[in-house]
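Here is a short briefing on one protein chain. Look over the sequence and the fold, then work through the points below.

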Amino acid sequence: MRQYLFALALCLMSGLANESLRAAEITKIPSDGFDFIFIEGEIRAGDYQEFNRVAAESDSAIVVLGSEGGLIRPAMSIGRLVKARRFVTFVPSNTDCLSACATIWVAGEKRLMAKSGRVGFHAVYDGRSMLESGEENAVIGRYLALLGFGEGAVRFMTRAGPDRFAWLSEEKGRELGINFVVVPDTRRELDEPETETVASGGPKDEVREDAPANQPDEPRYAKEDDTVSDWTNESDGNACVAKLMKLVEDGIENRSGIEIRSSVGSFDSLVTFQNERFRSLRERQIYFISLSFIGDDGKIFREMEDLRMIGVTGERGMPGLQHVFSGNDFHDNVSRSSAVGLTMSGRFVDLFQIAGSAGAMEEFADCRGIDALLLDDPFAQ
């Protein structure tokens with residue numbers, strides 16, 4: 001089974017588009033906080049039963065989708081289970097989720113799409129006559145209505161003919177109430193490395209890391225002249241982002257940064273630690289990373305040990321590490337810190353200077369709107 005994950009988080013897996021022409025393969029990779037369940041390929045009879053079996057022991061999951069479609073009935077059954085279990089759905093980089101696949105994606109408790117991912121809808125049709133099926137379209141219309149979508153959204157998702165697609169954009173999603181979060185792309189590795197060794201800090205039977213290839217002298221992105229050295233906060237009404245990017249650290253030219261991303265109203269955040277020096281880091285691999293939060297007095301006041309982080313390529317092509325944090329613990333620690341250190345199996349990885357984090361985290365919390373939810377009295381009339 002391929003060793004890759006999403007991060008949104010996460011933020012962040014490679015494209016599955018080349019896998020979408022065969023029968024669906026449904027696999028799972030357990031992870032802290034969320035399991036990752038992959039549905040790749042054509043959706044056929046029996047896939048609901050297989051998905052139900054794979055997902056049986058998952059309390060929370062991100063369902064990663066890459067498919068050009070298939071049979072609508074098993075797809076709707078999977079979608080109902082996704083809805084009932086409140087799973088997150090995600091279409092990764094350079095990947096299409098079309099037709100029947102899209103009916104699963106829209107059932108997600110939270111819907112995520114990589115910037116280069118695509119979700120496309122069309123009417124249900126008979127595979128032999130290539131004519132639209134009025135009966136099946138009525139069934140899917142009811143399915144979409146039960147998911148909570150209005151008439152305009154249902155019409156958009158069922159109006160295109162069998163030979164074309166209605167492509168979902170951010171603007172169209174906001175207009176129709178098909179809300180989703182766009183997450184940054186990851187770089188796609190076209191060839192699977194053949195040599196594998198055990199990743200540092202990980203159990204042999206769970207995590208494997210490809211042996212690093214010879215690395216270039218220069219970073220994998222084109223350097224730019226601009227630099228941002230302060231925290232910045234962004235919001236588009238659906239997602240909140242706080243990030244800190246640096247060009248110079250301790251007098252040495254070196255790009256690094258932290259990005260914290262969350263949906264409005266969500267308790268989960270996708271966090272990316274980036275540094276151009278991480279050139280030997282492998283995408284889609286799991287690394288066990290510990291965090292040390294350092295206060296203004298220079299002392300460590302909080303540690304998070306052996307977090308399962310995913311290797312990715314983040315903003316401006318910088319390699320990085322990603323993890324999904326639940327609740328407010330991570331944000332509270334960041335707001336009290338002047339720096340955060342990363343280690344792997346006791347070996348130093350990086351030290352991020354994060355001065356000004358208190359104000360950034362306060363603005364980020366206001367955007368998420370979580371504090372008010374935590375303070376509400378659930379028994380109030």
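How many residues apart in helix H1 are Arg53 and Glu50, and about how many helical turns separate them? They are three residues apart in H1 (residues 47-55), so about one helical turn separates them.

This is a predicted model: local features need pLDDT of at least 70, side-chain atom pairs count only at pLDDT 80 or more, and totals for chains, interfaces and linings use all residues. Residues are numbered from 1 along each chain as its sequence is written, and side-chain values use heavy atoms, with hydrogens and water left out. Helices (H or I, at least four residues) and strands (E, at least two) are DSSP runs, numbered from the N terminus.

**Salt bridges**

- The model holds 10 salt bridges, each a side-chain nitrogen of Lys or Arg within 4 Å of a carboxyl oxygen of Asp or Glu.
- Side chains of opposite charge can pair when their charged atoms come close.
- Arg53 and Glu50 form one of these bridges, at 2.6 Å from N to O.
- Arg53 is exposed, at 54% relative accessibility, while Glu50 is partly exposed at 28%.
- Arg155 pairs with Glu151 in a salt bridge, with the closest N and O atoms 2.5 Å apart.
- Both residues sit in helix H5 (residues 151-158), four residues apart, so about one helical turn separates Arg155 and Glu151.
- Arg155 is partly exposed at 44%, and Glu151 is exposed at 60%.
- Glu42 bridges to Arg44, with 3.3 Å between the closest N and O atoms.
- Glu42 has 30% relative accessibility and counts as partly exposed; Arg44, at 40%, is also partly exposed.

**Disulfides**

- A search of the whole structure finds two disulfides, a disulfide being a pair of cysteine sulfur atoms within 2.5 Å.
- Cys97 is joined to Cys101, with an S to S distance of 2.1 Å.
- The link of Cys97 and Cys101 is left-handed, with -105° about the S-S bond.
- Cys97 and Cys101 are both buried.
- Cys240 and Cys367 are also bonded, their sulfur atoms 1.9 Å apart.
- The link of Cys240 and Cys367 is left-handed too, at -85° about the S-S bond.
- This pair links distant parts of the chain: Cys240 lies in strand E13 (residues 239-249) and Cys367 in helix H8, 127 residues apart.
- Cys240 is buried, at 1% relative accessibility.
- With the bonded cysteines numbered in sequence order, the pairing runs 1-2, 3-4.

**Nonpolar cores**

- In soluble globular proteins, nonpolar side chains tend to be buried together.
- A nonpolar core here is a set of buried Ala, Val, Leu, Ile, Met, Phe, Trp, Tyr and Cys residues joined through side-chain atoms within 4.5 Å.
- The largest such core has 45 residues, and those with the most contacts inside it are Phe51, Trp105, Leu144, Phe149, Met157 and Ile178.
- Elements that each supply at least two residues of this core include strand E2 (35-40), helix H3 (100-105), strand E7 (118-121) and helix H4 (134-146).
- H2 gives the largest share of this core, six residues.
- Not counting residues up to four places away in sequence, Phe149 touches Val106, Arg111, Leu144, Val154, Met157, Gly177 and Ile178, where contact means heavy atoms within 4.5 Å.
- A second, separate core has 30 residues, among them Trp231, Phe278, Met304 and Leu307.

**Two buried loop residues**

- Ile354 lies in the loop between strand E20 (347-353) and helix H8 (357-368).
- Ile354 is buried, at 1% relative accessibility.
- Beyond its neighbours within four places in sequence, Ile354 contacts Trp231, Leu244, Ile258, Val334, Ser337, Ser338, Ala339 and Val340.
- From Ile354 to Ala339 the C-alpha to C-alpha distance is 5.1 Å, with the two 15 residues apart in sequence.
- Ser67 lies in the loop between strand E3 (61-66) and helix H2 (72-85).
- Ser67 is buried, with a relative accessible area of 0%.
- A polar atom of the Ser67 side chain lies 2.7 Å from the backbone oxygen of Gly41.

Definitions and conventions:
Buried < 20%, exposed > 50% of the residue type's maximum accessible area, 1.4 Å probe, protein only. Polar contact = N/O pair within 3.5 Å; in protein donor to acceptor, adjacent residues only side chain to side chain.
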